[in-house]
Structures are given as structure tokens and as C-alpha cells.
Amino acid sequence: MITPQDIKNLENHQRAWSRRTFLGKSAQAIGTLALGSIINPNLLGQQQPWRGVLDGPHFYPKAKRVVHLCMAGGPSHVDLFDPKPMLNRLHGQPFPESFTKGEQLAQLQGAELLARGAAVDFRRCGISGQMISNLLPHTQSIADDICVVRSMHTEQINHDPAHAFMNAGSINKGRPSMGSWLLYGLGSEAENLPGYVVLVSEGGGGAQPISARQWSAGFLPSKFQGVQFQSRGAPVHYVGNPDGVCQSTQRQIIDEVARLNNLQKEHSLDPEIETRVSQYELAFKMQTSVPELADLSEEPQSMLDLYGVKEAGDGSFAANCLLARRLLERGSRFVQLYHRGWDHHSKLDQNIQVASTLVDQASAALVKDLKQRGMLEDTLVIWGGEFGRTPMGQGTGRDHHINAFSVWMAGGGIRPGMTWGSTDDLGYRYLNDGQQVHVHDLHATMLACFGIDHKKLTYRYQGRDFRLTDVHGHVVNGIMT
Amino acid sequence: MSDFAIFVGRFHPLVVHLPIGVLLVLAVTEAVGWRWSKLRLTPGARTVILVFAVVGASLAAGCGWLLGQQGSYDEVLVDRHRILGFVTLGLTVVLVVIQRWPKFYGAVLAVALGIMSWTGHNGGALTHGPGYLAEHAPAILQPLLGGGEPGRPTPTTLAEADVFLDVVQPVLNARCVACHGESRSDGDLRLDSFEAIVAGGEHGDALVPGEPSDSLLLRRLYLPLDHKEHMPPTGRPQPTDTDIVVLEWWISDEAPAEGGFMARSPDPEVVEIVATQLGLPLPPIPDRAEMLVLAKSLEMQLGITIRPLTTEDPWLGANARLAGDAFDDDALARLMPLAPALHRLDLGGTSVTDAGLALVGEMAGLQRLRLDDTAITDTGLAQLSPLKRLVSLNLHSTSVTDAALEALTGLPRLRQIYVWQTGITPTAVMALAEELENRRKLDRYRQQIAANQRRIAEETFRVDFGAKPLVLPEAPEVEAE
């Protein structure tokens, strides 16, 4: 188990092996290392589960797990959650210059800007009367369980950096993603499965690639990084033993490898050795836990129908949602489902229909299922993209847009059945009315649902205390219970 | 007995002090005159004083006779008081006759004084209850003052305190028993024992267990102070807010006749009041470090997670779902040392049974309890009634039926019950919800009454004295969630 003392040792290690220090103070560094192994007798001890660096949340937690339904590509907020009658009226006419003058645009830079109205109608839903697009009929049915945030805004206008910003609060490489921060802070309850799992599906056109660095642990020990499961076929390949190797032989091999690794750790204090030992152990456990996880035979047909799953492991968003629920039940802390299919630069009308159909039913089913199982009260559901799309048309589609986009959240600590924040009459920019939500604010709020003060979850790296929200972030108390 | 007779009779306590004072002054003057002859009374003056004493004593005896007829007093005491009173009157008359014979006169005067004191003491016992002098006397003096049987020894810990004898009876003794006790039972009601309270008085039952607002005992306290039927009557010491809280709690908790106070899992507010009244320390909060050490070892042994809920408090959340079927009633029993610190417990999917729920019923601090997908039945659920802090209860996929909800009506904080895939019908859930809501309403109204009574008291004070009463700052309430 890693104690704060270990972390100090790791820092010492980092400091010790930087080029400058190595040249200047090599003798002293070696001394530090020697000391580290003397005062840490449990470096060789049994692998204990990582209980988190925090020794408990800062205040009473509401949520204990997250499922992030990431609509990769950037869903159009004005077509899904943010109805703009004024924009519809201006449809096809020049977009007012007062909005766009001097603004950064992606592919529309320098082009003639024409307003583009919403592709479909909106409807008031549920008792709360939230406005949700008819593209999302199932989401309409859970209107009273979700909180729609219309005043989201971000800083990055291209997919990869925007995802990085949404995950890690920074576009600089080497920053840990929010899932890694949670594992670092609180640990995971799942001992036989990874605490941070990623699944990817696609469909709807404009499937932009997703880099694995989005779920990297950055400068945190790499055992906190997200583990990507295959959404097609078996979630993890080759979990079975080769012919002629039984489980007890496998156990012996793992134990021996761990012993050798621990010998090496005595000498080098490299945190990655610890990670390697724990990964071997986890992989061993996953040999039994993953087949059990992926086996949907115990799910009744009605459950498959609820999610709209046609076949287990068919790579669909629906199958991923069902798998996500099973992961959450088994104690995973952070499950991230990417659906690549929202980058609608062209043929928006057709493509948004396809993408919506692919994710709508399963997203709503996940909320309903969590709710009937009583898991929604401590599971935070976040649905949204890395940015929004312009209210200006781009041929038959819309361009990337960072000044306003919508997400919805539900469950653990989030007030249900409400709309938070608003945009101007054309859906171009969030209103600075005290209800604006920056990505940093989203992160701060998410951590607050877990009982974590975002200013107090830090990691010292290269001489500076880093946190998920860097030097920003305000908890959006208005949307919390 | 006409109203006028009672009206006259009630002057007895006023008039009675006339002959007492006169006889005392006479005795003192005679004593002084016997020592210093210059100060001796003239025979004429003595006659005037004695006649005055006779008139006063006659008036007092007359009023007393009428008052004694009223019949709400202890007959033996009244008879004795009456006889002694008339003896005093007789002796005063004798003094008038024999005032010329100093030898007899002095002796008779001394006897008359003695008898008069005895009568007075008897009268005091009639009004304030027998042993009224002994009640607050130093322990050494108590037997001398007719304390009679020694009172109940004060318990040394809250756990020893009896719910009726140490918690409720002292409040009644202090505020009610003087008029509703052994020596005097107005309205034919006695409040000096549980049996007597249950027996009620001439206006019917004093107590409706479970229904504070229907119990006459409390209804009379709730009435405005100037209402004719308000109890205790104006001028008598009034019950404090905390007295009322204690009585309310007792009646709403089905008015138990005996048993441990703490075993009823009273609200922290009530615990604090009772602890203050009995001069006992509050029950200790579990030690965080101790609990965590225990939690860590149990985690490893049982294959479950037990994590602190905050950094500073000892409160824990345990997740036994991870162990699945391997977690049974025996494993649950091993969690019992953590019982005082457990706030959240997930037993979903484990093999705990009704027998195990008896143990769960002892975890009085539980706020969230998950029992979904287990073999529990209605019988087991009935054992959860002590869980007064329970907010959320998950029963989905069990075989519980409507009958189980009966046991839950007494859980004031219950907000969520998950009953998906159980035998519980929507009608029963709605009925329970209404019942709980009604009880909460009652609580709210009671709080409003208390608040308004405080306001009336404050305002009366302000009107009477033109100043605000000095209000001591209240200690901030500390409670998690």
C-alpha cells in the first residue's frame, strides 16, 4: 500500500533522478533512497488495495461512482437541449456580426456566416417541464431525473485538445484525467476489475479518433490510468489460460514475478514497479472476473430491450451502457463511454438523427435502470460532448463551438429536473449571469459530489502542487442537492 | 358543592396566615415580657390580640372546611389537617379563657404553637405533595424531613437510564405531580406512575401511545398560557421547551413503560436533553483511528470494502456486495464492532438472511441500507424498526410484501425505498408515503407551536418591561447529513 510517506519517497526519487540534481547531489540522493527503503518495511509487504490518498472525503459524499457518457465530436446544443426560436426565425439569413466579430472559429474562419435554425422541434417534458429535443424521445422521458446545464463553455476548439481539456482540465500532456484523479484520491472498491474503465463505440458520421492519452494517468502513478475494454467481442482479449496451464500454475507465476519485481523495487524505488506488480495481480483476478462481467446471460430479455441491446459485445453504445452498469455494480469508480459520431460538419439533419437514435435509448435506460436499482442516488451520470456546435451553418452542418454547449447530469448529488444556465438569443454564448459553467467548474462540482474539495486534492510534481482544476474552478452549488 | 363555596374555600391559603402570624407575634411578645417586665403586655392588649387570633383562626378553619370538601385531596391527609386545624382553633379559644392564669397560659400557648406548626406542615404537604421538604434537602436531612422511601438512584450512564423512571417521570414530578399525585389528584388524574397515567382521569385517557397530539397530557401543555384549560395553571412552574420535547418523544415512540433509554435509539436532540437533565456525559463518539484499524483488517478478511465517509469523522460506509454469496450472517456478525460507526451498509447480493437483520437493527446510525437481491422476508424487515436515522432503504428483487412496510412507518427520516421486483404494491407505497409525510407534518406543526410559544413569551416580556429578554447564544447543532 502506498502511504503519504511513500509518495514523499517517490517525489524524492523524481527529484533525485532529474539530470540537474543527479549531477549536483548524487551522493545525497543515494542517501535519501537508502533511507527510504529503511523506513518503509512494507515496501515488500502484501499487496493491499489502494484506499486513496485522502483517508476519506473532505465532507459527506453523495456520489461514489461516475459514468461519463462522452458524446465525442461535439453534439449540437441548439438541436438537442437549447431551443432558440430567434435562431429559427433568422434561419438562412446572415448571422449578426455583433456576435462573431473577432471571435475564434474553427473551419468557418473567414467564411460567410449564415444562421441555421434547429433541425427539429422541442417539447416540454415531465413535471419539471424541461425543453428537450424530439430527437431524444427517451431522454425526454427522464427529464425529471436529469439536470440540463446549458451554460457550459470550454477553451479548446479542436477535438483532441478539447477532449484533453474536458478530461484533465488542461491541454498540456502529462496531466491526469479526472478518472485518474478520483482513483488517486479515493481508490476503487473493485478489487477484481479496474477502477477506471473506458469503452468506445461509434456511429452517426464524423467519427473522430480518440487518443488513449485521454484516459492517461499523466504524472500520477500509471496504475490510476483508465483501462480500455474492447466493446466488440470479449471486453478483454486472451484472459483464458493457454492450454496446459492451470489456474494454480498461473498463480505461482504471478507470485514469482511479483517477488522478482519487489526485489527490483528495493533498489530503484520506481513507482512504476509497484504499478506493474499490481497490474499483474489485477490481470490475474480479471481472468475470472471479466468473463463473469461480460456474461449477459443472467440479464433478462426485458433488460436487454430496455437498453436496446441486440447482442452482447456487438460494439454498440447500448451494449456498452449495459456493461457500464455491470461495472458500476461491481465497484468500478469511473466508467467512461465514448460515442464517436457527433462531428456533424455536414449532413447534420440526417447524421444527428442517426447519432441520437444510437445513444438516446441506452442513455435513458441507464438512468432508469440505475434508478430502479437504487444506484442512481450514489452514481453520477454525465452526458455531453467536448464542445458544442455553431448556431451558424456550415454547408449542411455546423462547425465546432466553444462559447456555449449543453450537458446533462443525473444522480449522486445532482438536483434532478432542472435546467441550469442559459445562452443568448441565438445560442452563441453562455450568459454571464452567475450560472455559467466552465469545464473547470464541472470538474469542481463533480469532485464536490464525491465529497472532495477540489482545492485540496493535489499531487506534487516537479515542485508544484497540481490539481484537476489547476488554479480555477467553482463548485456549482445551485445544481447540487 | 356550589361554585360559591369553592370560591370562598380558596381563600383558605390566604386567610390561614392571619392567625399564624398573630399567634407567633403573641408568643414572641410574651416571651420577651417574661424576661423584661417593662415590655410585658397589658391584659387589655392581650385580650385584643387573642380575640383577633380567634376570629382569624375561625375564618381560616371555615374556609378550610369548604376547601377540604372539594375532594381532590388525599383523604387521610385532609382529615388530619382538618382535625389539627380545629384543635388549633380550640386551643386559641382556651387561651382567651385562661389568660388570667399565667401558669396554664404559657404551657397552652406553647402547645398551641406546636400544633399550629404541625398543621401548617400538613397543609404544605397537601398543596405540594408529601415529602415536599425532603425533595431538595441535603441527603443527610432527608429522613428527618419525612423523605420516606429513598428516591431512585440517579443512573451513572445513559445506557443505564430507564426510559420512564429516569427520563419521563422526573419531568412529570417537577411540573405535574404536586397537583396530580398521591396527596392531591385534581381531575381525578394522577401522574406519579406509569399505571396511573394509563388509567387517565375524569376527562378520559391522558395518553394515546404514538400520537402526541391526541394525548391529553400534551394537548393541555400546548394550549396558550391564558387558556382556561392550559396546564400547568398560570402561576405554576411551566414546563420548558426541553420538557415538552422529551414528553413528545416518549409518546411518539409508543410511550414505553420501561426499558433502556438508549435502546430506543432516541434522536440526538433528545439524548442531549436527557443527558443534561441527568447530569451524564453524552454517549461517546466512536474513535476514528480505532475504527479504521478494525475496518482495514476486516476488509482483508471478509473481502469487502469499509471506507471512511469523511476525513475527520469516524463514520464508515461498508460495501459487502463485492463479496457476494460468500458474505453471510456470520460475516455480518463480525462487522458488529464497527456498528456504532456504520452510516452506510450495502448488503445487496449477499447471503444474509432474516437472522442477520436482527444485527442490522442494532446499527442505530445507519442512513443508507441496501438489502436488494437477498433472501430477506417481511419477518426480517420488522427488526429494522430501531433504525431511526434511515434515509434510504433498498429492497429490490427480494420477496418482501406490503406487510413489510408496516414496520417502516416509525422511521421518521425515511425518504427512499426501492421496491422494484418485490411483492410490494404501489398502493401500499403510497399509503406509507402519506403516513410518513403526515408524521413529518405533525413534527413541523409541533416545532411551529414551540417556536410561537417562545415568541409569545418574548413578546410578553417586551410588552411588560419594554426590553428584550437576554437570550443566551445556542450551541451550534452538529450533525452529519
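I take helices (H or I, at least four residues) and strands (E, at least two) as DSSP runs, numbered from the N terminus. This is a predicted model, where local features need pLDDT of at least 70 and side-chain atom pairs pLDDT 80 or more, while totals for chains, interfaces and linings use all residues. Residues are numbered from 1 along each chain as its sequence is written, and chains are lettered from A in the order in which they are written.

Chain B: I find 18 helices and six strands. Its radius of gyration, taken over C-alpha atoms, is 32 Å, well over the 23 Å that the globule rule (2.2 Å times the number of residues to the power 0.38) gives for 481 residues, so chain B is more spread out than a compact globule. I get a C-alpha box of roughly 105 × 45 × 45 Å along the principal axes. Buried residues (20 or more other C-beta atoms within 10 Å of their own, C-beta placed from the backbone) make up 31% of the 481 in chain B.

Chain A: I looked up helix 12 (residues 317-329) against helix 13 (residues 348-372), and their axes, lines fitted to C-alpha atoms over the stretch in contact, come within 8 Å and cross at roughly 20 degrees. That makes helix 12 of chain A roughly parallel (under 35 degrees) to helix 13 of chain A. Among the residues in contact (C-beta atoms within 7 Å, placed from the backbone), I note A:Phe317 and A:Cys321 on helix 12 of chain A, and A:Leu358 and A:Asp369 on helix 13 of chain A.

Notes. Buried ≥ 20, exposed ≤ 12 C-beta atoms within 10 Å, placed from the backbone. Axes fitted to C-alpha atoms, helices over the stretch in contact; angles between N-to-C directions. Parallel < 35°, antiparallel > 145°, perpendicular 65-115°, else oblique. Contact = placed C-beta atoms within 7 Å.
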